[in-house]
Amino acid sequence: MQKYRFSNPQSVVEVEKSAMDDNDPRNKYSIWNCLCRPYGHKKEPRRRYQITATSAPQAAQMAMTNYRNDINGKES
């Protein structure tokens, strides 16, 4: 299973396709497992999200938005 890593100066998102994904060619969306964590060895918590998106970069962006909202205490 391929794993993708996306990072910015503050955080990292690791994305891999979920085993729950059905791989139906008629469905353009896939289920992605995302692990969000701070960059480096900071003490902020890690969070896991299951995202439905068309690509790994899109899933990473959505997971990072959720992570920032959770860490900052905002409701979406």
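Contact is taken to mean heavy atoms within 4.5 Å. The model is predicted, so that local features need pLDDT of at least 70 and side-chain atom pairs count only at pLDDT 80 or more, while totals for chains, interfaces and linings use all residues. Residues are numbered from 1 along each chain as its sequence is written, and side-chain values use heavy atoms, with hydrogens and water left out.

**The sheet**

Helices (H or I, at least four residues) and strands (E, at least two) are DSSP runs, numbered from the N terminus; two strands pair if DSSP finds at least two bridges between them. Four strands form an open sheet in the order β1-β2-β3-β4, with antiparallel pairing. Because β1 (3–7) and β4 stand at the edges with a single partner strand each, one side of each has no neighbour in the sheet. From one strand to the next the twist averages 25° (axes are lines fitted to C-alpha atoms, for helices over the stretch in contact, and angles run from 0 to 180 degrees between N-to-C directions). Helix α1 (residues 56–72) packs on the sheet and touches β1, β2, β3 and β4; its direction makes about 135° with that of β4.

| Strand pair | Bridges | Facing residues |
|---|---|---|
| β1 and β2 | five | Lys 3 and Glu 16 |
| β2 and β3 | seven | Glu 14 and Leu 35 |
| β3 and β4 | seven | Ile 31 and Thr 52 |

**Arg 37 in β3**

Arg 37 belongs to strand β3 (residues 30–38). Buried means under 20% relative accessible area, exposed over 50%, and partly exposed in between (1.4 Å probe, protein chains only). Why does Arg 37 count as buried? Its relative accessible area is 13%. Leaving aside residues up to four places away in sequence, Arg 37 touches Arg 5, Ser 11, Val 12, Glu 14, Arg 46 and Tyr 67. Seven of the nine residues of β3 are buried, so this strand is largely enclosed by the rest of the structure.

**The largest pocket**

A pocket is an open set of points on a 1 Å grid over the protein atoms alone, with protein on both sides within 12 Å along at least five of seven lines; lining residues have an atom within 4 Å of a point. The largest pocket holds about 180 Å³ of space. Its lining includes Gln 10, Ser 11, Pro 38 and Tyr 67. Helix α1 gives the most to this lining, with five residues.

Terms used. On a 1 Å grid over the protein atoms alone, a cavity is a set of points where a 1.4 Å probe fits but cannot get out, and a pocket is an open set with protein on both sides within 12 Å along at least five of seven lines; lining residues have an atom within 4 Å of a point. Grid points are joined across faces, edges and corners, and a volume is the space filled by probe spheres set on the points.
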